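Trainee: I have a protein model open and want to learn to read it. Can we go through it feature by feature?

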Amino acid sequence: MAGPSERPATTIDLLEHARTLRDRGAAANFAGRPAEAAATLAAALDEIDRAGGTEPSLEALELRCKTLITLALTEFMLEGLDSATARLAEAEQVVDALGDDALRARLDYQRANLHGRVGDLASAWDGLEGAVRRLDAFTEREQASVHLSRGMLAFELLRPQEALDSFAEAARLAHSLGAGELEFMARHNEGYAAYLLGDIPRSLADMAEAEDIEADVFKGPARLDRARVLLEAGLVKEAVEALESGLAVLVGDGHDQIRAEFELELARAHRLLGHLDLAAGAAASARGTYERIGATAWAAKAVLVGLLVELDRQRRRPSPPHRENAPSALSGSPRTSTPDRENALSPAAPVGEDDTRAVTRAAAGTADRLVETATELGDSELADSARVVAAQALLLAGEVEGAQTRLLSLERVSTGSLSDELDAAAVSAMTLVAAGEPGPARRLLVRASRRLAAGQEGSASLDLRTARAVHGARLAELDLELAVPRGSAAVLEALDRWRSATDRLPSLGRPDDDELAALTEQLRGVRAQARGESDAAVVRELDDHASRLERRIRDRDWALSRSGGAGRAATVRVRDARAHLVDVDRDHVWFFRHRGRLGGVGIVGGRATLRDLMPIERAVELAQRVRVDLRAAATHHLGPLAGAVWSSLRSSAAELDDALIRPWRSDRGLVVVSCPEVSALPWAVLPSMRGRAFTVAPSLTSFARRGLAGAPPGVVPECPTPVHVSVGPGVPRATAEAQAIVGTWGPAARLAQPSRRDELVEALARPGIVHVAAHGTHQVESPLFSSLVLHDGPVFAHELQPTGVRADHVVLSACEVGLTTPRPGHESLGLALSMLSLGARSVVAAVAPVPDDVAATTMSRHHELLASGLPSDEALARAVADTDDVAAAFLNLGGQHHP
């Protein structure tokens with residue numbers, strides 16, 4: 001007879017087959033194929049039952065228990081928490097019967113995983129800590145999974161350093177085992193931990209490195225994490241694209257929870273973009289899914305987003321008739337009245353708005369109940385989020401004391417999220433104002449602006465730096481609202497504070513990157529093909545290819561941005577900037593939007609004034625007309641329509657002049673800071689600006705900083721200023737223009753012919769004057785891919801980032817490269833503005849097409865006047881006045897260059 005260890009071969013075979021099936025089922029879970037996993041694990045249980053018969057062996061019971069534990073996760077993904085709990089209960093019966101501590105460790109580990117997935121974080125952490133104490137119960141591969149799960153839970157509990165430690169150990173184990181899927185997840189999650197620590201560039205870099213690991217693993221969670229980082233970075237449209245593409249591949253059963261997570265992030269992104277209907281729909285869908293699968297904490301998060309959307313809707317409701325046409329509270333203008341205490345910042349609902357009060361009070365009640373739910377779950381972050389939402393709702397209902405109570409009860413849990421921190425600061429500032437404490441509110445806003453600037457340190461990417469400003473937009477509006485009643489000086493400080501928060505020059509030193517260079521070369525080739533292609537269908541295909549390459553280049557740029565780091569520009573205070581205006585004999589006007597009006601703060605003869613100028617809608621309409629008419633006039637093919645076009649242009653320009661410039665009664669040169677509504681305006685077409693020196697600057701202190709960094713006006717340099725001239729193909733007058741400029745400057749000037757990209761990049765990276773006469777393109781959707789075309793292809797704006805721009809004066813004799821694409825948060829990107837952000841002192845560029853002959857004549861004259869000793873703004877103003885009216889498209893940007 002056979003002994004106890006000599007089982008029939010069929011039983012051994014069945015158990016081996018069942019073990020193989022269980023491993024396959026676990027792998028299918030890992031790869032995001034729960035339906036396949038369920039079928040495979042069910043087959044494994046059938047094999048175990050066949051092998052065990054009526055008296056299953058110890059081996060069969062252990063295998064059955066492990067299979068049930070694995071199946072619990074599968075059924076959670078397919079059916080929700082109840083089904084998963086039932087499977088764990090079945091497994092626990094086996095554990096109790098066997099009294100096996102190792103099996104109990106596995107059971108506790110899986111139960112902790114499920115607790116974490118539904119948001120019961122405290123229970124999940126206890127379970128995982130228990131598993132870590134009994135790691136000997138797991139194989140090395142399973143130990144890597146335990147560390148991975150512990151790190152993921154540490155994310156949720158806002159313990160990023162513990163998360164990093166766990167992921168590093170998981171990655172080490174996985175790499176030693178050749179377990180690519182585990183290593184991918186560990187490395188990717190290290191990136192997510194960096195995000196929680198506030199290091200966005202490192203986060204994107206680590207995630208990009210994880211993508212290079214070959215792994216058969218479900219990429220849904222990784223795509224979701226990356227979208228969250230993009231959202232935190234302020235790249236909202238890019239986050240929406242990532243979320244929508246991620247949702248599109250979540251096909252089949254078993255993805256309910258992660259689909260809901262995608263929808264929840266989409267709701268947040270749509271809300272940031274102001275798409276409230278889309279945001280509400282996504283939040284409601286996510287909430288329904290979470291409630292169905294029993295994910296209580298996640299359902300609460302979805303409810304909070306839905307409440308925020310509803311509060312945004314209430315804020316958008318039209319004001320009652322007696323306030324609808326109330327003037328802006330701008331002082332110093334005959335159209336201004338003294339503001340009452342209740343302004344656009346005031347959170348109180350208007351009198352008679354009972355339905356608004358009812359909605360906001362109901363929202364506050366819901367948020368209060370969510371605080372209780374979060375407290376029961378041990379989720380302090382969720383509880384704080386709910387308190388902030390309740391405070392916002394009560395402010396809108398006019399219940400200031402209630403809002404204060406909610407904010408005072410905050411546990412101040414640090415989420416590592418700059419956007420969350422700034423949102424809470426905005427609510428706190430509004431509450432302080434409503435409570436009659438504007439002073440503390442202003443101090444809070446100053447701290448918040450510094451926090452925004454600090455949050456952008458570590459990045460040399462213009463894309464990341466400008467994008468993150470979206471999270472400060474609401475605070476900037478609050479700051480301006482508080483400043484207006486206090487007068488012109490306060491408004492100047494508030495405007496400059498937020499514009500300067502992101503107006504920092506990056507340090508240099510990002511290393512060359514072969515992958516980025518290869519992608520850029522591919523893009524150059526595709527763009528060249530598109531320019532020479534006549535078939536519309538082929539052009540569309542090439543444009544699509546170029547768009548895909550641009551996305552990959554931006555991804556790489558974000559990942560590399562932590563290599564260089566961002567340096568701070570020299571600090572210039574507003575009072576120092578005002579003194580600099582006196583030194584250079586310039587006045588200043590800064591335009592801004594306020595309560596549906598276009599306002600301005602000006603410094604004329606050293607004295608600051610605040611004015612209400614015109615309705616914002618009319619300003620936008622007129623500015624657009626001027627741009628369109630100038631573009632039409634520049635074609636020189638108008639024939640009998642020329643008179644009508646120029647009449648329309650001059651009429652619009654005169655109205656803008658009367659509203660925006662003449663009220664200041666300034667006869668000096670101007671430093672203009674515009675707002676998105678009147679950006680890219682060809683100011684020289686306004687009658688009182690013709691022949692007048694002016695500079696369009698990012699901010700007042702930015703203009704002063706560029707001036708203070710150079711030699712004082714009138715000081716002759718010891719050596720002649722080097723002048724580099726590049727030309728591009730297909731521009732008839734470019735060579736003659738270049739030769740004229742070289743003749744003007746003499747031996748100090750050099751014409752690069754043929755002109756190559758690397759020579760231009762090198763010339764821009766050193767002091768001197770750089771002139772480029774070439775075809776230019778402003779890419780509206782991808783401004784960092786705006787370009788100048790030289791003989792060996794286009795030079796893209798993003799290629800200037802590694803070396804920076806140190807040229808004193810850059811003249812771009814090219815169409816439209818002075819245009820910018822506005823981004824949320826009063827930031828913009830474009831070729832000329834990128835050069836300024838990267839260190840150029842001043843740039844001349846056009847905001848509309850300019851005929852080649854007009855451009856050549858104007859730019860040649862500009863250099864003649866510059867060489868005679870005039871500052872760049874005055875030289876350009878005279879050159880434009882001496883030539884064709886369409887030359888008004890050229891602007892002096894950034895600061896003055898004194899030769």
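Trainee: In which sense do strand β2 and strand β3 pair, and over how many bridges?

Mentor: Start with what you are looking at: this is a predicted model, where local features need pLDDT of at least 70, side-chain atom pairs count only at pLDDT 80 or more, and totals for chains, interfaces and linings use all residues. Residues are numbered from 1 along each chain as its sequence is written, and side-chain values use heavy atoms, with hydrogens and water left out. Now the terms. Helices (H or I, at least four residues) and strands (E, at least two) are DSSP runs, numbered from the N terminus. Two strands pair if DSSP finds at least two bridges between them. Here β2 (residues 597–604) and β3 (residues 607–615) pair in the antiparallel sense, over eight bridges. Arginine 597 has proline 615 in β3 as its bridge partner.

Trainee: How many residues lie between the strands in that hairpin, and what phi does glycine 605 take?

Mentor: Two residues lie between β2 and β3, and glycine 605 has a positive phi near 60°.

Trainee: What is the strand order in the open sheet that holds β10?

Mentor: First, the general idea. In a regular strand, side chains alternate between the two faces of the sheet. In this case three strands form the open sheet, ordered β9-β10-β11, with antiparallel pairing. β9 (775–777) and β11 (793–796) are at the edges with a single partner strand each, so one side of each has no neighbour in the sheet. From one strand to the next, the twist averages 30°. Strand β10 (residues 787–790) pairs with β11 over four bridges, in the antiparallel sense. Leucine 788 has valine 795 in β11 as its bridge partner.

Trainee: Which strands does helix α25 touch on that sheet?

Mentor: Contact means heavy atoms within 4.5 Å. Axes are lines fitted to C-alpha atoms, for helices over the stretch in contact, and angles run from 0 to 180 degrees between N-to-C directions. Helix α25 (residues 514–531) packs on the sheet and touches β10 and β11, its direction making about 130° with that of β11. Helix α32 (residues 757–764) also lies across β10 and β11, at about 25° to β11.

Trainee: At what angle do the axes of helices α3 and α5 cross?

Mentor: The axes of α3 (residues 58–79) and α5 (residues 101–118) cross at roughly 5° and come within 10 Å. That makes α3 roughly parallel to α5. The cut-offs: under 35 degrees is roughly parallel, over 145 roughly antiparallel, 65 to 115 roughly perpendicular, and the rest oblique. Residues of α3 in this contact include Cys65, Ile69 and Leu73, while those of α5 include Leu103, Leu107 and Leu114.

Trainee: How many nonpolar, polar and charged residues make up the contact of α3 with α5?

Mentor: Nine are nonpolar, two polar and four charged. Ala, Val, Leu, Ile, Met, Phe, Trp, Tyr, Cys and Pro count as nonpolar; Asp, Glu, Lys and Arg count as charged; the others, Gly among them, count as polar.

Trainee: How many residues of helix α23 are buried?

Mentor: Buried means under 20% relative accessible area, exposed means over 50%, and partly exposed is in between (1.4 Å probe, protein chains only). In α23 (residues 473–483), nine of the 11 residues are buried, so the rest of the structure largely encloses this helix. Among the buried residues are Leu475, Leu478 and Asp479. Their cover includes α20 (418–434), α21 (438–455), α24 (488–500) and β1 (586–594).

Trainee: How many salt bridges does the count come to?

Mentor: The rule is a side-chain nitrogen of Lys or Arg within 4 Å of a carboxyl oxygen of Asp or Glu. The count comes to 71 salt bridges. Take arginine 22 and aspartate 23, whose closest N and O atoms are 3.4 Å apart. Arginine 22 is buried at 12% relative accessible area, whereas aspartate 23 is partly exposed at 43%.

Trainee: Where do arginine 313 and glutamate 310 lie?

Mentor: An α-helix has 3.6 residues a turn, so residues three or four places apart point the same way. Arginine 313 and glutamate 310 are both in helix α15 (residues 296–316), three residues apart, about one turn of the helix. Their side chains meet in a salt bridge of 3.7 Å, N to O.
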